[in-house]
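Hi everyone, thanks for making the time. Let me put the structure up, and then I'll talk you through the contacts in it.

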Amino acid sequence: MEINEQNGRLVIELPAVLDLPAAAELRDLLIDAAARDTSLDVVLNFTNLERLSTAGIQVVLAGIAALRSAARRLVAENVNDTTISSFRALGLSAQLTHLLDT
Amino acid sequence: MTDDQGYDLSQFKATYFEECAELLATAEETIARLQEGQGTDEDLNAVFRCVHSIKGGAGAFAFDDLVHFAHVFETALDHLRSGRAELTPHVADLMVRGNDILGDFVRAAQAETALPADHGADILAQLSALTGAKPTMAAPAPTASAMATTPTPPAFSTFRIRFVPSPDMLRTGNDPLLMLRELAGLGELEVVVDTGKLPSLTEMDALASYLSWTCTLTTGKGRAAIDEVFEFVAGDTAQIDIEELNDLPGDEEGDGWGLFAPLPSANASQDEEGDGWGLFGDAPGNNAAAASSVTTPVAKAHAVSTQQASPSQGGAVHTASIRVDLDKIDRLVNMVGELVITQAMLGQQASGFTVESHPELIQGLQELSHHTRELQESVMAIRAQPVKALFSKAPRLVRDLSSKLNKQARLVMSGENTEVDKTVIEQLSDPLTHLIRNALDHGLETPEERMAVGKPAEGTIHLAAEHRSGRIFIEIQDDGRGIDRQRVLAKAMEKGLVEPGQQLTDEQIDMLIFAPGFSTASEVSDVSGRGVGMDVVRKNIQDVGGRVVVQSTPGAGSRFILSLPLTLAVMDGMLIQVGGQRYVLPLTNIVESLRPSPQQARSLVDVGNVLTIRGEYINLLALHAIFGIPGAITDPTKGLVVIVETEGGERVGLLVDELLGQQQVVIKSLDSNFRPIHGISAATILGDGRVALILDVSALRQMGAVANAAQ
């Protein structure tokens, strides 16, 4: 995973499997993105995502809060059924809605 | 894949596959009991738990094919244990095959290879048929689909489940997401998450768990099904509180839909948004949930418990155990070995001191000796495992082979819990398999042959293990035809293993079957008779310091006795002196020692030197003569005779100069460090740094017999 600046946004393409190690990597990238001296939105692209873990979702939740506190937004793109069902299974439908609405 | 904290998922996978091997073996053993009609309901539960555990881990690693097959297998087992399907002999056979296929999927996942798409399709179809479900080779169907085919409408209950993972739960490979999904498969589920403990991004540990959940589940599957979802995390890994909310009358009839009031918070904050996805269909409970938002909760809790408090209710059984890499234990064993040598060295250095002159030193050395021994025994106990793991394959082997050979055989096992070193167990697998095959193929007669000689049509194979004299003995005994010595001898002569005219005892003829390339089978079969098996059997057993002997009675059967060391690292020995050389005699072989009188030590024609003791004649072997040691005592009445016993139970007297004392010795392999020497089993390092050879009593006896025959 890496951060790419595209069309005035910082885009992170999520891997096929967002498991524990990938969650730790995503955390580091989000910290990096949040710390950048910019007002750009951070986009999580879910296109390739096939499997999600609780650890990955926790990082996404913490990322939402981190960027919000920096007056910026974490945006989800190309969210697929796997993502929706995973958030829903964990009782996080509201949080996903927030992520999609931003 | 590793992260910046060195976290490696492959460790979890390795542990998972180790557990799978144990679970598959346990399942096989338990299914065998069920197959024989000796199983209990708990056995069915045990098999279910095994399959469920394999499925759980497979889900965590996304082994989808494995999950799918395990799910169907598990559902079939669930039907059996709940009485919705009957355990017939055919179904028991199906369980055996199911476990085999499950093993195939596990091995494929471990090898990271894919099985053919239709692998196990026939078994899958039969398992599915057992539950009334349609078989599918596609992605796993949700558990709810199995419920839909349940012939009898179940009684529904509502449970409130508080699920608080420990911070370390994710690191153990358990993901709440999978559990909550599994929980959702049990019925209608409402989930309320508590994110209050989620720290800031910079403060959070991505591998730690911060969320917790309160769930309301309406299900017809009962409390046990919920317990199983959390079976492997309840207790240390997560706090699970399950509360049943079903006080309303009539709910056991299943007419309680919509009457149960979920927790007020269950729909207050989340569900109105959750419903909006439109992905979660028309479960009957949706209306109930909607209704409940305006309904005062009328149900009250009447049963609150935790998994930890009630393991007997189908919950997790918590064992205080950890998994440790075998290399680490081996390093520990080696260090203990070195410690034993150091202790012997200190003992030797202090041998000139007395308690009076150096009381504290002597006391300290005694304590060191005591603690070293305890340490050594404790370390060896870590490596010890019950032979049960080895024996568990036998029932199936006997069943399959007897069917293939058109023979009737009953397997009787005893001493399965006898413990022996892990390496010994691993090394025994092939020899034991071959000996059982041999007993079935060559030993047991066909039912017709047995009845013709007045035996029951069904033959018996007895597999036994026991500790005796510091060693472990494994016996494979059959009540078949016994060894046909004339045929064995003729075959041995034909193959040049025995010279024409050479006189052999019955025992020597029997042992010919272990000669390389020996086989009396007129046709090579895929069961046995390849002529390499028994040779390999003996070599494998000798490789771990063991020995195999055969006792056979024509017409009555044969008994193979495997004598094995409890451990491969340290043993108790008696240090003896012959001439200028020191040897170690295994203490377990020593019966007694004495200085014979002239009347006791005699020389008999055709026999050689013998010792008469308590009316018994015992062959007397002079070690100096066998090993060619100059300067040793040659007159038994001036030296000492140590009477030793071989694994076969034969006694022999060894003439030595002196007994120097008993001590623990660390076994150093001659095979790997030098080369095999007949009469010597291994070497050791003494306290003064000298190397002493450890005597192989059984081989010495054979050498003595040859020497006497030559004389």
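**Where the two chains meet**

So, 38 residues of chain B are in contact with 37 residues of chain A, contact meaning heavy atoms within 4.5 Å. Please keep in mind that this is a predicted model, where local features need pLDDT of at least 70 and side-chain atom pairs count only at pLDDT 80 or more, while totals for chains, interfaces and linings use all residues. Side-chain values use heavy atoms, without hydrogens and water, residues are numbered from 1 along each chain as its sequence is written, and chains are lettered from A and ligands numbered from 1 in the order in which they are written.

How much area do chain B and chain A bury between them? About 3100 Å², with 67% of it on carbon and sulfur atoms; that is the accessible area (1.4 Å probe) that two parts lose on being put together, summed over both. Between chain B and chain A there are 0 salt bridges, taking a salt bridge as a side-chain nitrogen of Lys or Arg within 4 Å of a carboxyl oxygen of Asp or Glu.

On the side of chain B that touches chain A, the elements giving two or more residues are helix 7, strand 2 (187-194) and helix 10 (271-274) of chain B. Helices (H or I, at least four residues) and strands (E, at least two) are DSSP runs, numbered from the N terminus. Helix 7 of chain B gives the largest share, 4 residues.

Now for helix 7 (residues 176-184) of chain B and its partner: its axis and that of helix 3 (residues 81-89) of chain A come within 9 Å and cross at roughly 80 degrees. Axes are lines fitted to C-alpha atoms, for helices over the stretch in contact, and angles run from 0 to 180 degrees between N-to-C directions. The residues making this contact are A:Thr82, A:Ser85, A:Ser86 and A:Ala89 from helix 3 of chain A, with B:Leu177, B:Leu180 and B:Arg181 from helix 7 of chain B.

Finally, the whole structure holds 39 salt bridges over all chains. One of them joins the side chains of B:Lys668 and B:Glu338 at 3.5 Å, N to O.
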